[in-house]
Amino acid sequence: MASAVLFDSPGPKTAARHRIYTVVAAVVLMLLVAWVLKRLNDAGQFAYELWEPFVTPNIMQAIGEAWLDTLSMAGLSVLGALVFGVVFGVAKLSDHRPVRWASWLVVEFFRAVPVIMLMIFAFYAVFNSMSIERGAYWSVVLALTVYNGAVLAEVFRAGINALPKGQAEAAYAIGMRKSQVMNIVLLPQAVKIMVPAIISQMVVALKDTSLILIVFGVGLTKILKQLPLSFNNLVPTTIVIALLYIVTNLVLTAIASYAQKKFVGEKEMLKVSMVGEADQNQSAATF
Amino acid sequence: MDAVIESLPDVFKAFGYTVLLFLVSGTLSLIGGTLLVAMRVGPIAILNKAGAAYVTLVRNTPLLAVFFFFSFAAPRIGINFRWVDVHIGTFDFTSFFSTAVVALTLYTSTFVCEALRSGVNAVPLGQAEAARAIGLPFGGVMSQVVLPQAFRASVPPVASALIALLKNTSVAAVFGVIEATSQMKSLTNNNADERWGIFLAFAIGYVVLVELVSLAAGTLERRWRIA
């Protein structure tokens with residue numbers, strides 16, 4: 001679509017020039033890949049014994065369990081974030097000024113503070129009575145719940161604002177109360193628009209679970225930290241763990257775009273910007 | 001709070017590193033993102049695909065894994081930044097700092113690329129068609145019609161990407177840069193009774209920085225907006 005805006009369809013001369021560019025680009029890219037492969041090969045990183053752990057059943061099982069841990073941390077925190085998001089998203093739309101301000105403060109605070117700081121704080125100040133591994137696990141869940149919850153609160157608000165004004169007006173007109181308008185008319189429609197955005201938030205949460213490495217490795221980061229100690233295979237481990245994250249995220253993204261098609265149609269996914277309230281209102285107006 | 005006040009110079013220096021990481025990798029990410037978006041929207045199919053593959057791979061990798069690769073794995077295959085050893089004032093720019101800059105830049109470039117691309121996509125097709133119809137050459141279509149609109153449309157998403165970068169500089173704490181989060185961690189470890197105060201102090205530091213970037217972005221957006 002972009003190229004349609006940017007370029008005319010090429011004539012014969014341009015097409016010939018593009019062919020030359022294509023060949024040059026292909027050669028450069030292949031050289032780049034070859035250089036990386038050669039580097040890996042020269043350092044002996046393709047030796048079988050470095051990769052053997054990843055086809056050893058015990059270790060594969062350990063990796064699988066670690067992957068499930070990571071997935072459950074992300075899943076739990078997104079569930080928690082949903083609750084947090086609904087509560088604060090609705091509170092931000094409240095008619096009462098103090099409620100609106102308080103929830104604005106909470107949401108802005110957790111959106112601006114780095115997740116890794118929340119994790120350190122949760123680990124040392126909240127879950128310090130648990131065992132290290134449990135404590136780290138729940139620190140991840142808590143930190144990601146409040147961070148993603150703050151992001152989802154904005155998504156909820158944007159989702160409700162994106163509904164046509166007539167919906168709320170009609171509901172008031174037939175005599176519904178404020179809570180009825182929200183619960184029966186607005187939220188069910190808004191949730192439908194928000195499902196894909198919520199699934200994409202899962203990708204963010206999944207990536208952020210790795211940050212707990214600053215205090216202790218849990219889930220896939222545990223493998224990342226421990227496996228190279230016994231097999232001296234830092235490079236292969238990093239590659240395999242990164243690939244696990246990437247594949248999981250791609251699956252989640254595919255689910256999100258399926259949900260987008262199913263629930264919303266071809267419209268663009270709901271996005272929340274860190275700045276510029278104006279553009280949100282604009283997009284809300286054109287909906 | 002006493003612990004924070006006692007070590008105030010260290011705290012400021014730590015936030016100094018945070019800001020420096022942000023400025024250096026922010027600038028480089030803007031350049032990298034522009035190159036990537038040029039690849040992605042350009043007419044050469046193979047570059048489109050290569051750009052898209054890079055963006056998809058890196059965006060779905062945890063930043064921590066990127067850092068981990070450049071800190072521990074890359075030196076094993078002969079890629080390291082030990083040759084960087086610059087000292088300006090009291091700030092040391094060593095391999096830790098440059099590794100962090102490389103990881104943050106490679107990661108943030110992909111988000112900047114997507115932000116810029118959404119700006120290009122926001123320009124209606126009719127704009128370019130109308131520009132061609134009145135006889136503007138390719139350069140004119142680009143510099144007079146398409147890019148000014150695309151640029152304005154991409155200010156808010158690019159600002160979001162930069163704010164994310166500002167918060168992501170905290171990942172450097174895991175890999176040896178003594179920036180704000182790392183400083184907070186050592187303070188909380190040494191002053192167990194003041195964890196809440198320490199956390200709040202550092203959190204407010206980050207909030208202030210984020211608000212500054214957000215304010216700057218808002219100002220630019222308003223200044224560049226067309227009536």
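# Close-up views of a predicted two-chain model

**Figure 1. The transmembrane regions of chain B, as listed by UniProt.** An unreviewed UniProt entry gives the feature "transmembrane region" for residues 14-39, 51-74, 86-107, 158-178 and 198-220 of chain B. UniProt positions follow the numbering used here, feature names are shortened, and annotations may be inferred rather than shown by experiment. The structure is a predicted model, in which local features need pLDDT of at least 70 and side-chain atom pairs count only at pLDDT 80 or more, while totals for chains, interfaces and linings use all residues. Residues are numbered from 1 along each chain as its sequence is written, chains are lettered from A and ligands numbered from 1 in the order in which they are written, and side-chain values use heavy atoms, with hydrogens and water left out. Zooming in on residues 14-39 of chain B, we find 100% helix and 0% strand, with end C-alpha atoms 37 Å apart. Residues 198-220 of chain B are also 100% helix and 0% strand, and 34 Å separates their end C-alpha atoms. Here helices (H or I, at least four residues) and strands (E, at least two) are DSSP runs, numbered from the N terminus.

**Figure 2. The annotated domain within chain B.** From an unreviewed UniProt entry comes the feature "domain: ABC transmembrane type-1", at residues 15-217 of chain B. That stretch is 77% helix and 3% strand, and its end C-alpha atoms are 21 Å apart. Chain B as a whole has 10 helices and two strands, in the order α-α-α-α-β-β-α-α-α-α-α-α from the N terminus. Its C-alpha trace spans about 70 × 45 × 30 Å along the principal axes.

**Figure 3. The buried side of helix α3 in chain B.** Helix α3 (residues 45-59) of chain B has 15 residues and reaches 21 Å from first to last C-alpha, close to the 21 Å expected at 1.5 Å a residue (1.5 Å times one less than the number of residues). B:Gly51, B:Val55 and B:Val58 are buried in α3(B). They lie on the same side of α3(B), because they cover an arc of only 80° around the axis, taken from the directions from the helix axis to the C-beta atoms. The buried residues of this helix pack against α2 (8-41) and α5 (95-121) of chain B. Buried means under 20% relative accessible area, exposed over 50%, and partly exposed in between (1.4 Å probe, protein chains only).

**Figure 4. B:Phe72 and its neighbours.** Take a look at B:Phe72, which sits in helix α4 (residues 63-76) of chain B. B:Phe72 counts as partly exposed because its relative accessibility is 38%. Leaving aside residues up to four places away in sequence, B:Phe72 touches A:Leu234 and B:Phe175, where contact means heavy atoms within 4.5 Å. B:Phe72 and B:Phe175 are 103 residues apart along the chain, with 9.5 Å between their C-alpha atoms.

**Figure 5. Where chain A meets chain B.** In this view, 59 residues of chain A are in contact with 63 residues of chain B. The two chains bury about 5,400 Å² between them, with 75% of that area from carbon and sulfur atoms. Buried area is the accessible area (1.4 Å probe) that two parts lose on being put together, summed over both. The count of salt bridges between chain A and chain B is zero, a salt bridge being a side-chain nitrogen of Lys or Arg within 4 Å of a carboxyl oxygen of Asp or Glu.
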